[in-house]
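I opened the structure and kept short notes on what I looked up. The entries follow in the order in which I made them.

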Amino acid sequence: MRVRGAVAALAVVALAAACGVRDESSAPDQTAPPVTGDEGPVLPDCPVGALDDADGVVDVELWHGLGSESENNLDQLAARFNQSQDRVRVLVRNQGVSYDEVLRKFVAAIPSRQLPPLVYLEDTSLRQLVDSGVILPAEACEKADGFASGQLPAVRNYYTADGVYWPGYTNVSEPILYYNQNHFRQAGLDPESPPHTLEELREAARALKASGIRAPLSYILNSWFVESWINGAGGSVVNEDNGRTGLATESTFDNELTRELYTWIEEMAAEGLLEGHSATAGQINQYLAVAQQNSSMLIETSTAATTIKAVLAGGSDDIDLGSADPSVIAPAAGPFPGLREPGQVRVSGGAFFLTNTPAPEVQAAAWAFMRFMWETESQVAWHLVGSYLPTTQAAVGAPEVAAYWVDDLAGRMLKVSYDQLLTVDPARPGPQIGPYRAYSEAIKNSLDRLVLRGDSVDAVVTAADREIQRALDRYIEDNG
Amino acid sequence: MSRGRALAWYLLLTTLSVLVLAPIYFLLVRAISDPTKAFTSSVLTPQGVRFDGFSQAWERGNLGGALVRSLVVTVGITTLQVTTSVLAAYAFAFLRFPFKRVLFAVFMATLLLPLEVTLLPNLHTMRDLGWFDSYQGLIMPFAAAAFGTFLIRQGFLGIPSEIRDAARLEGWSHLQFLVRFAVPLTRPVIASFSVISFMGAFNQYLWPRAIITDAESWATVQIALRGLTSRIEQSNVPVAGAVIAAVPIVIVLILFQRQIVRGLTAGAVKG
Amino acid sequence: MIARQEATVSDSGRLREALTALAFIAPSLVVFWAFSFYPFQQLILRGLYRNNASGTNLRWVGWEQYGDVLAGNEFRDGLWHSMQFVLFTVPAGLVLGTVLAVAANRRLRGIKVFQTIFSSTIATSTAVASVVFLVLINQQIGVYQGGVPGFGSQAILENPSTAMFGVSLSAIWQNLGLSFVIVLAGLQAIPQEVEEAATLDGYGPVRRFFRITLPMISPVLLFLVVVLVIFALQAFAPIELLTSGGPARSTETLVYKIFERQTPDLLGEGAVLSVGLFGVTFLVTLGQFLLLERRVHYGS
């Protein structure tokens with residue numbers, strides 16, 4: 001009978017085929033991660049001089065997952081760099097629509113060591129990258145080249161792990177509160193003063209709901225804001241001081257601050273004051289909600305400022321607040337409304353990491369591109385075009401930036417975010433978590449269950465805590 | 001049939017047609033609507049007609065390049081599938097050789113191993129071969145088709161044996177017989193399979209999604225569509241993109257409706 | 001006739017024939033081995049290993065991983081969500097396909113137009129169909145932004161209890177064309193005399209349908225069921241485009257979970273899930289063969 005024959009065929013072929021599972025790790029670890037010696041960490045060599053010995057043009061591939069304006073900016077910077085000299089050629093490669101996709105591809109390439117010299121990844125990947133052993137800490141190159149970046153201490157500290165600073169150029173973005181000034185005016189709220197704390201937000205939302213808005217706060221259910229809220233109010237999500245003094249072994253997610261936060265979210269949802277959007281890949285419903293004027297407030301990344309200006313404000317810098325046209329949206333921004341105070345965030349964003357697997361001259365070439373990114377002109381471009389926040393005095397002092405912060409709608413919104421960055425405590429810049437993805441999924445799932453399924457705060461927080469603990473245990477087990 | 005009854009049937013048929021076509025109607029309306037007017041509009045007619053959604057979708061989604069790539073991949077897959085299926089079907093229909101029954105079972109066994117099951121190891125293979133972002137990566141895994149082999153073999157078995165005998169006596173080799181007689185005589189079946197294969201290849205999503213890492217340079221139309229739906233755009237842009245993406249297959253459907261129907265029902269109805 | 005012919009062929013002729021056959025089959029076999037059988041074997045093996053996130057610690061864990069995963073939440077949830085998709089799309093496809101086919105299977109002027117309309121959804125890819133339903137039920141831009149009455153006020157795609165249903169709608173609509181075409185072919189294969197004899201015997205239209213028509217097209221309906229079930233088990237695009245597996249993972253089918261497990265630390269689990277999916281598909285296909293064979297023996 002056909003089926004029997006098919007089964008037999010399958011079995012025969014399966015057994016006859018080559019035996020042995022394919023090795024995912026082809027070469028042994030060739031470079032050891034920095035070791036902490038008696039005088040502090042021992043850095044590996046950064047072969048900055050290797051570029052001089054290279055014949056011909058050195059190609060440097062750069063992987064990223066940026067989109068729209070940020071991507072344009074990166075392409076432009078690379079083009080400018082390539083044109084300005086003839087020893088290095090940077091090849092920009094878009095690897096997907098999200099940090100997640102880029103990380104996935106990057107990690108998939110680690111065993112075969114077919115890694116690009118430069119990769120742009122989310123800040124949260126730091127711990128995992130350090131533990132993978134394939135990243136060349138930029139501090140080594142800075143030392144070899146006698147270069148100082150001049151970054152804000154909070155940013156510098158955030159990206160320091162095991163006593164070493166890792167990425168080349170860093171882009172910072174922060175969550176801020178975008179809101180529709182027209183809706184505020186219609187609800188009798190002062191359009192120039194957005195809510196600063198979660199309690200104030202609740203009050204504002206009530207007024208907006210009364211004025212007819214379907215769901216005043218458009219809220220994407222991701223882990224980033226939860227971390228920011230908890231970290232900003234002085235709490236930790238994992239032990240070892242949020243993973244900074246050592247590899248995190250225990251989840252401290254289930255604590256009073258978390259429960260207070262989740263209770264606030266639950267109550268807001270119950271009153272119909274917020275609409276939760278599942279933080280799935282490629283999710284844009286939270287923006288659509290504001291665009292369709294179903295919502296008046298949106299907590300989202302500062303990097304979205306230019307898109308919001310383009311899509312919601314039709315690209316104009318000055319909105320007529322008194323306009324009677326109901327289709328006009330007047331976007332503005334306020335600081336991230338914290339549990340206790342406004343602007344309590346952690347350092348976030350993306351960073352360019354150098355890998356230690358390519359040939360020395362390629363590593364040197366990659367570092368040369370990083371030096372180009374640190375030039376004031378490039379930093380200013382990242383801010384003006386890419387919407388990331390400046391992290392050095394040099395960039396902040398540029399006249400174009402000062403003008404941008406006054407004349408341009410997106411610029412004004414970004415200034416709010418920059419001011420907020422200045423208040424981050426350098427000693428508590430944010431968590432360092434190895435299994436970030438699993439940890440983040442646990443939190444996202446708990447928020448989905450809380451807001452979209454109506455489960456209780458206790459149930460979802462305990463479940464998330466357990467899931468995070470499992471992820472931490474697994475990470476320690478997997479990494480020997 | 002009486003006029004009254006005919007009228008009743010026409011009414012029912014029209015109602016059903018409206019229900020079937022309604023989603024397409026909404027799609028078209030949204031594609032040409034002004035998205036900033038959406039919240040005050042009724043959904044049945046567009047408020048403020050705008051056609052720039054199509055040009056924006058075309059540019060931002062790189063749909064031109066995507067369409068070309070989709071066509072290359074689709075033609076590649078279809079050609080290979082038809083070729084390998086015809087060859088294998090010939091062998092199963094006309095030739096005698098050892099392990100024939102087992103090998104046929106092996107062919108049919110592949111139906112139990114769809115791509116969804118073998119996705120992960122196949123991706124590993126692609127990585128080892130360096131076939132991510134490549135035409136060969138998009139085409140080769142689909143270069144053979146058990147369904148096609150089965151279908152065309154049925155067609156070959158229907159060729160009267162007198163023709164086969166006559167060709168034998170004339171001294172035609174197998175290849176010559178295949179090309180001069182077998183294929184032309186079973187053209188309808190082969191055409192049906194070709195069209196089904198074409199449509200399936202053009203509409204693929206999972207595999208291109210898995211092996212395309214550089215979406216800008218390598219996206220097929222279906223993947224380009226995903227790029228459009230995950231960007232923060234005015235809502236008419238991704239919708240317009242979907243309309244554009246549907247056009248090639250709609251054309252195929254209109255031109256080859258009969259072949260499509262025959263191909264789809266081949267396994268269902270005997271004869 | 002061919003056998004008689006072949007009986008006179010010499011041994012070298014036999015060899016040549018076998019070699020020709022090998023040459024003709026080889027291309028297909030190579031593809032099948034490389035992309036179906038070899039990966040399948042690799043799949044089973046990979047399920048016995050675990051790795052870390054960076055792919056540097058591949059180690060043997062044995063059949064324990066199979067036991068853990070197949071008995072665990074991920075497989076159970078994935079299977080349940082896949083089953084939900086099957087339960088939503090298959091009966092709907094059967095019923096709606098039959099309704100359309102019965103309606104369009106008559107001699108009326110212009111009936112071809114209606115038949116073309118009913119089969120039109122064949123032309124949509126899953127990506128296009130998903131965007132179509134984005135326009136229909138997305139909570140911000142959709143034509144209908146509400147929820148399913150009785151399941152809470154959440155929008156269809158944002159409510160974990162109704163999201164799978166919402167995703168299925170896109171597949172149900174897309175399957176209409178295929179279902180219609182197949183059932184129509186079945187109806188058209190019924191000899192007219194049978195229908196006429198039944199009418200002469202005094203069978204009303206409803207009785208005719210259930211006593212005569214339905215049994216006669218049951219093989220076709222069975223074929224359609226199998227096709228739709230296989231499609232449903234393989235669904236991926238609607239989920240990625242409409243909900244990305246959310247909300248609260250309520251739309252993560254087996255295939256989606258497998259797709260999400262490409263990183264080295266999740267590959268072992270993904271491999272076991274894939275084998276699980278194979279098992280489910282195998283059982284379904286086996287069921288089809290058994291039922292169909294029985295029909296052929298004892299049926300019409």
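Entry 1, a sheet in chain A. The model is predicted. In chain A I found an open sheet of five strands, and I wrote down the order as E12-E11-E13-E10-E14. The pairing in this sheet is mixed.

Entry 2, the edges. I looked up which strands stand at the edges and noted E12 (274-278) and E14 (331-334) of chain A. Each has a single partner strand, so one side of each is left without a neighbour in the sheet. I also noted the twist, which averages 35° from one strand to the next.

In which sense do E11 and E12 of chain A pair? I found the parallel sense, with five bridges between E12(A) and strand E11(A), which covers residues 217-221. For a residue to look at here, I picked Ile220(A), and opposite it stands His277(A) in E12(A).

I turned to the secondary structure of chain B and noted 15 helices and zero strands.

I looked up the radius of gyration of chain B and got 24 Å, whereas a compact globule of 271 residues would have one near 18 Å. The C-alpha trace of chain B spans about 75 × 65 × 30 Å along its principal axes.

What share of the 271 residues of chain B counts as buried? I noted 51%. I then took the contacts in chain B between residues at least 6 apart in sequence, and 75% of these join residues at least 24 apart.

Notes
Residues are numbered from 1 along each chain as its sequence is written. Chains are lettered from A and ligands numbered from 1 in the order in which they are written. This is a predicted model: local features need pLDDT of at least 70, side-chain atom pairs count only at pLDDT 80 or more; totals for chains, interfaces and linings use all residues. Two strands pair if DSSP finds at least two bridges between them. Helices (H or I, at least four residues) and strands (E, at least two) are DSSP runs, numbered from the N terminus. Axes are lines fitted to C-alpha atoms, for helices over the stretch in contact, and angles run from 0 to 180 degrees between N-to-C directions. The radius of gyration is taken over C-alpha atoms; the globule rule is 2.2 Å times the number of residues to the power 0.38. A residue is buried if 20 or more other C-beta atoms lie within 10 Å of its own, exposed if 12 or fewer, and partly exposed in between; C-beta atoms are placed from the backbone. Two residues are in contact if their C-beta atoms, placed from the backbone, lie within 7 Å.
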